[in-house]
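Trainee: Could you take me closely through the pocket side of this model, with the terms spelled out as you use them?

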Amino acid sequence: MAAAIEVRQAYKRYGDVQALDGVDLEVRPGEFFALLGPNGAGKTTLISVLAGLARADRGDVRVMGFDVRENYREARRALGVVPQELVFDPFFTVRETLRIQSGYFGLRSNDAWIDEVIERLDLTAKANANMRALSGGMKRRVLVAQALVHKPPVIILDEPTAGVDVELRQGLWEFVRQLNAAGHTIVLTTHYLEEAETLCSRVAMLKNGRVVALDTTRNLLAGVSGIHLKLKLDPDRLPPALAQHSVPGPDGYRVLAIQRHADIPDLMIALREEGVTVQELELVQPDLEEAFVQIMGRR
Amino acid sequence: MTGFRTLLYKEMLRFWKVSFQTVAAPIITALLYLLVFSHVLAGRVEVYPGVSYTAFLIPGLAMMSLLQNAFANSSSSMIQSKVTGNIIFVLLPPLSHAEFYWAYIVAAVVRGLMVGLGVFSVTLVTVAVPVPHPFWALVFALLGGGILGALGLIAGIWADKFDQLATFQNFVIVPLTFLAGVFYSIHSLPPFWQAVSHLNPFFYMIDGFRFGFFNASDVPPTTSLVVVAVCFAALSFTALQMIKRGWKLRH
């Protein structure tokens, strides 16, 4: 079976900026995949190239095995994109927008699925409202619905939860999870790394148009060096030897970075010798944010 | 075909939802021209023997309105979509290049025809204008609308801002339509300006269209048909190539 997304040596330059600098990436069918990176890393350019909104200068880019230029119609039919920008057509209602979008994909009687998408995204009350009258969060939902009208096997969400309230975020992720369970491949970019950590099985990190990390979420977390110990001390002071390992922590707590679990006993001894009692102790698990910061800092 | 039909439907719904501005307003404008010019010139000018100036003016005004509105439709739709960003809704789907092109063109022609027909029907109240060759009139209306629809699409794709488009419209489209012999026969012009008028493709659209009404024209209608058809074919080819290459649409 063809890869859901296949990118081989993709290059794209805008003026002085090398937006994509030899990107290699493969997303397998059915994956829930995260595309992470700081602003300007090339995430949106990569998505635009996949969607045919931009054209790579060089390289081989395929969606479900279809070349995005040679077989653009098949490639686009296989792909649903939720764009980052909050765009809408002010002339139409929500339902008109979705019917029209279905028609563009060659679907004439799609009302049952449109109704389902409207309901799942909690748009029922606004179905006949003009797009102009909708709040930002509602407009975002319509963009998600538009990307799904043709039930694409591959769905790309470019920052879908930016500026969206908690309720929608949770509802949206539940819906997207179900789509993934039903076999849709999901590619996600987000600034909320905890979303990527809980949802995505594999992660690619981009920096300056290059893939700098590509692995399962689990392996990336395992690769985070160091362990963080969150402590509440009485009295609240650290012996000088330990102070150099201190990193900023929440109010009233000290956070110590250590290399191995085996370092803990020595640390406790050092504290006791200083006459400090440990009131609370918590081992902080490394998260994707930590991995992200380390990987971005490294290369 | 569903993709083409949907884009056409969307393009027509777009102008129809604001038909007061897009259809009614240009009809009123054309009627004002008719009122003023026929008041001033009726009885003083006779372009073709036995044809009153008011009767002469009506087909030209109808055609001018048709052409300007065909241009306005495709160009404003394209520039609005580009500026607001909702152009992606038509760039993401698997619409073929031809579907994309023809949907914009047909919608532009439909709006042009509605305005042109509106002008014509309202003026019928005052002057009865015969149509001895309705087929000729229709062919020129369709081709003229198609040419301006294609020009509008090209200008809309080219322009990055509304004022660039307005410049194109005010400095190219409006002068060319005005100077195409809507208000006069070019035979009344000095030889130099007659020759210049023959270089204006809009002249052939209006002259050929008027042949359908008065069985008389400045140049033979077949000549006009050839010029107009070649223009439409060339513009269609250009626009289709632009769409295919994604010029200014797919970066």
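**The largest pocket**

Mentor: In this predicted model, the largest pocket is lined by 22 residues, and S48(A), L53(A), E85(A), I88(B) and H251(B) are those that lie nearest its centre. A pocket here is an open set of points, on a 1 Å grid over the protein atoms alone, where a 1.4 Å probe fits and protein lies on both sides within 12 Å along at least five of seven lines, and lining residues have an atom within 4 Å of a point. The elements that give two or more residues to this lining are α1 (43–51) of chain A and α4 (88–91) of chain B, helices being DSSP runs (H or I, at least four residues) numbered from the N terminus. The largest share, four residues, comes from α1(A). The volume of the largest pocket is about 640 Å³, where a volume is the space filled by probe spheres set on the points, and grid points are joined across faces, edges and corners. By class, its lining has 11 nonpolar, six polar and five charged residues; Ala, Val, Leu, Ile, Met, Phe, Trp, Tyr, Cys and Pro count as nonpolar, Asp, Glu, Lys and Arg as charged, and the others, Gly among them, as polar.

For setting beside it, the second largest pocket has a volume of about 410 Å³, and the largest share of its lining, eight residues, comes from α3(B).

Residues are numbered from 1 along each chain as its sequence is written, and chains are lettered from A and ligands numbered from 1 in the order in which they are written. Local features need pLDDT of at least 70 and side-chain atom pairs count only at pLDDT 80 or more, while totals for chains, interfaces and linings use all residues, and side-chain values use heavy atoms, with hydrogens and water left out.
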